[in-house]
Amino acid sequence: MFSTFARRSAPFAAASKRMMSGHANVEEVRAEVSKWKKMTAGMVVLSTLFGFYNIAAHEHHHGRNDLSYMHIRAKPYPWSCSDCNLFDGECWAECRAAKNA
């Protein structure tokens with residue numbers, strides 16, 4: 001059953017080759033591919049430069065640490081400075097300075 005179908009549809013499959021983008025020749029296809037590669041590379045460079053500009057030109061604002069709800073602790077943290085969050089560098093520096101003093 002399947003072999004009969006395959007045999008009958010083989011001539012149609014071989015004859016109906018289609019260029020998916022509608023171009024008639026290979027030179028146009030290569031030119032389009034080259035154009036889009038250049039545009040992609042340009043946009044990558046432009047996006048990278050814009051990202052670096054945003055990082056360098058704008059100030060970085062830290063959140064407020066003086067709010068009382070930010071220091072509610074159900075139990076102390078399991079590290080040496082038990083009142084400091086893991087990535088709170090200022091709190092860690094103050095805690096270590098207080099321990100060394």
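Biologist: In this predicted model, which residues make the nonpolar surface patch of about 360 Å²?
Modeller: Local features here need pLDDT of at least 70, side-chain atom pairs count only at pLDDT 80 or more, and totals for chains, interfaces and linings use all residues. Residues are numbered from 1 along each chain as its sequence is written, and side-chain values use heavy atoms, without hydrogens and water. A patch takes residues with over 30% relative accessible area and no salt bridge, nonpolar side chains (Val, Leu, Ile, Met, Phe, Trp, Tyr) being joined within 5 Å. The patch is made by Tyr69, Met70 and Ile72.

Biologist: Is methionine 70 buried, partly exposed or exposed?
Modeller: Buried means under 20% relative accessible area, exposed over 50%, and partly exposed in between (1.4 Å probe, protein chains only). Methionine 70 has a relative accessible area of 36%, so the residue is partly exposed.

Biologist: Which residues form the largest nonpolar core?
Modeller: Such a core is a set of buried Ala, Val, Leu, Ile, Met, Phe, Trp, Tyr and Cys residues joined through side-chain atoms within 4.5 Å. The largest one has five residues: Cys81, Cys84, Cys91, Trp92 and Cys95.

Biologist: Which side chain meets aspartate 83 in a salt bridge?
Modeller: A salt bridge needs a side-chain nitrogen of Lys or Arg within 4 Å of a carboxyl oxygen of Asp or Glu. Aspartate 83 has its partner at 3.6 Å, N to O: arginine 73. The pair links distant parts of the chain, ten residues apart, both in the loop between helix 2 and helix 3.

Methods:
Patches are made of residues with over 30% relative accessible area and no salt bridge: like charges are joined within 9 Å, nonpolar side chains (Val, Leu, Ile, Met, Phe, Trp, Tyr) within 5 Å. Accessible areas come from the Shrake-Rupley method with a 1.4 Å probe; for residues, only the protein chains shown count as cover. Helices (H or I, at least four residues) and strands (E, at least two) are DSSP runs, numbered from the N terminus.
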